[in-house]
Amino acid sequence: MIPPPSDFLVLDAAPLAAVVLAAFTLALLGSFLVLQRQAMIGDAMAHSVLPGLVIAFVITGSRAPAPMFMGALGAALFASLAIAALTRYARVEPTAAIGVVFTTLFALGVLLVETTGARNVDLDLDCVLSGQLELLFWPIERGASPWSGESLDRLPQPLLTLATMWAMSVGAVLFGWRLLRATLFDRPFTQARGLRPGLVRGALLLLTTSTVVASFEALGSILVIALLTCPPAAARLLTRTLGAYVALSAVLGASAGLLGYAFATRGAPILIGGTIDASGSVAAAAGLILAATAMVTVLRRPVASPTG
Amino acid sequence: MPRHLRSAAVHILACLVLLGAWSCRDGSAASATDSGAREPDKKVVVCTTTMIGDIVRAVAGGTAEVHVLFGPTVDPHLFRATRDDVQQLMAADLVFYNGFGLEGYLEPTFRRVAESGIDLVAVAESILKGDEAMQDAGVSDPHVWMDPHLWARTAPLVAEALGRLLPDSAGLPGRAADTNARILALDSFAREAIATIPESARTLVTAHDAFRYFGRRYGLRVEGIQGLSTASEGGLQALESLVDLLVDERIPAVFFESTVSERNVKALIEGAAARGHRVVLGGTLHSDAPGSAGNYEAMMKHNISTIATALRGDSTATEALK
């Protein structure tokens, strides 16, 4: 007889894998956002998805994950494009453009909730805020092998989505590296070579938006924003080479995921006597990594030296 | 400079790895002691609300280990599963939940738990026949326990489900009949109490729409500030029309609910006072969890006496409650 699957396999394996994959991907893509001073775009998307969710619900009449995901993705893409358009054509400062777009879309979403009758249904908005990492558990049937096809089919869908986003993002950054570097830092060069910087930026934005939306349900928007910004900011303090910065950012992100989850489920029961919310713990780990890095950098820096 | 920074990075990473290793090691020790706490031979039954848990405990009578997920002050509409709750559900042999969307945020969890072959029973959805379920804007009202004559049917349902799990247990039908009779006694208690309220004062205004089954059974008009789920907001319009109702019909009292914020009900009292009608606070009712009453029967008795006393205008009792 096969022994019952361990708690680790049922309760922790899939959420841990999901949070590490998402953290790696978000920190990787976030490093480019931070360089372009667009770090708060994650916050913008968190608020902009609301009208998309309501519209998807009104059209399909269901809260099934697929239409919700498409609605959120559509709204977030619209928000990114609107921000890009405002910055480029109306010459609004990027941070101001982000502020204008997401408040408008969020207000539109609230209006839609009130007018379409979606208010009688629990559109779980708090879930978008705080995430439900704990729900990515793996319901293996008792007496079944975890590695049978049936058990593997029961792996949580968000984990598979996040794994896909991870593979696509890592692939895109590796293969498009020279193009990406040239687009970000050497616009005249790319234009002279007949390359399309707009296309590269657009692809990067599409990838970022999809990853952010795919991560909301599991991780929650607060954690998504923390992972888009903290690891790149820490990496920025540690290195000046673009390659090392991007790689370090991704590694720090994944470490925050691993440490935060380990603390929430294993460390906290010993210290506080019970497990704590994993999303919050991972976000705190990301913040602590940044704080520790900043402290080390300040202590190591010679007092009078110019920092240029 | 870059070399310094690189060594700093190496230091930080080394610390992280050590920390990670430390927390993983301690964790495996902790989980080993956790799993040792279960009684080895008994089947494990998990219930969401106390209203269900009380009946399951009474019917099981010690033949199964019964756990209740929601504490006595938890609002089931807003309950989110933590890792520990998922652990309990996945370790269960049988799960009883209310259904009709009461545990709104838990429904995806229930679906996934069911995938692993664990038996889940939606109590409220199973005991109602035909059109007995109350509807509001296409959504079924989950607060069935508010009508004890319907809720008493939970006992035979639980006995049948437990019988599938414990085929050797002979005492189940007898205990189910006893439990059923005890809950039906609440029904006559409620009838007698409500009969003491003057016809004109039989309107129950509370924080959210939890008392519609109660009102239908005992002939009370029921108004809630928030809708069926506490996740919905009351809104100014709902407050204003309720103030109109209080003033026009000279309704004597309104009620807090122990799992819902007092803010909206206070606004009603102030709104009516501003229009020259003094509404008293009738007391705190236990709607979605037993609160300080502790169990289902005590909670229903508390609700029934509080409502009857306040709506009769029995001033000594209402002053004491304030």
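User: How many bridges pair strand 3 of chain B with strand 4 of chain B?

Analyst: A quick note at the start: this is a predicted model. In it, strand 4 of chain B covers residues 119-122 and runs parallel to strand 3 of chain B. One pairing to look for is Leu94(B), whose bridge partner in strand 4 of chain B is Asp119(B). The number of bridges between the two strands is four.

User: Which residue of strand 3 of chain B is the bridge partner of Cys47(B)?

Analyst: Strand 3 of chain B also pairs with strand 1 of chain B, residues 43-47, in a parallel arrangement with three bridges. Strand 3 of chain B has both faces covered, with Leu94(B) and Phe96(B) buried on one side and Val95(B) and Tyr97(B) buried on the other. From this strand, the partner of Cys47(B) is Phe96(B).

User: Are the residues of strand 9 of chain B that point either way buried or exposed?

Analyst: Strand 9 of chain B runs over residues 253-257. Ala253(B), Phe255(B) and Glu257(B) point one way, while Val254(B) and Phe256(B) point the other way. Both sets have one answer: buried.

User: What stands opposite Glu257(B) in strand 10 of chain B?

Analyst: Strand 9 of chain B and strand 10 of chain B, residues 280-285, run parallel and are joined by five bridges. The chain gets from one to the other through helix 11 of chain B, residues 263-274, in a right-handed β-α-β crossover. Opposite Glu257(B) you will find Leu285(B).

User: What is the distance between the centres of domain 1 of chain B and domain 2 of chain B?

Analyst: Chain B is divided into domain 1, residues 43-187, and domain 2, residues 189-321. Their contact takes 28 residues from domain 1 of chain B and 26 residues from domain 2 of chain B. Taken over C-alpha atoms, the centres are separated by 26 Å.

User: How many residues are nonpolar on the side of domain 1 of chain B that touches domain 2 of chain B?

Analyst: Helix 2 (50-60), helix 6 (148-151) and helix 8 (172-195) of chain B each supply at least two residues of this side. Seven of the residues on this side of domain 1 of chain B are polar and six are charged, and the nonpolar ones number 15.

User: Why does Gly131(A) count as buried?

Analyst: Gly131(A) sits in the loop between helix 5 and helix 6 of chain A. Beyond its close neighbours in sequence, the residues in contact with Gly131(A) include Ala218(A), Leu223(A) and Ser279(A). A residue is buried if 20 or more other C-beta atoms lie within 10 Å of its own. Gly131(A) therefore counts as buried, with a number of C-beta neighbours inside 10 Å of 28.

Notes:
Residues numbered from 1 in each chain as written. Chains lettered and ligands numbered in written order. Predicted model: local features only at pLDDT ≥ 70, side-chain atom pairs only at ≥ 80, totals over all residues. Domains from an automatic or database assignment. Contact = placed C-beta atoms within 7 Å. Nonpolar A, V, L, I, M, F, W, Y, C, P; charged D, E, K, R; others polar. Buried ≥ 20, exposed ≤ 12 C-beta atoms within 10 Å, placed from the backbone. Pairing = 2+ DSSP bridges. Right-handed = clockwise from strand over helix to strand, strands pointing away. Lists of a residue's contacts leave out its neighbours within four places in sequence.
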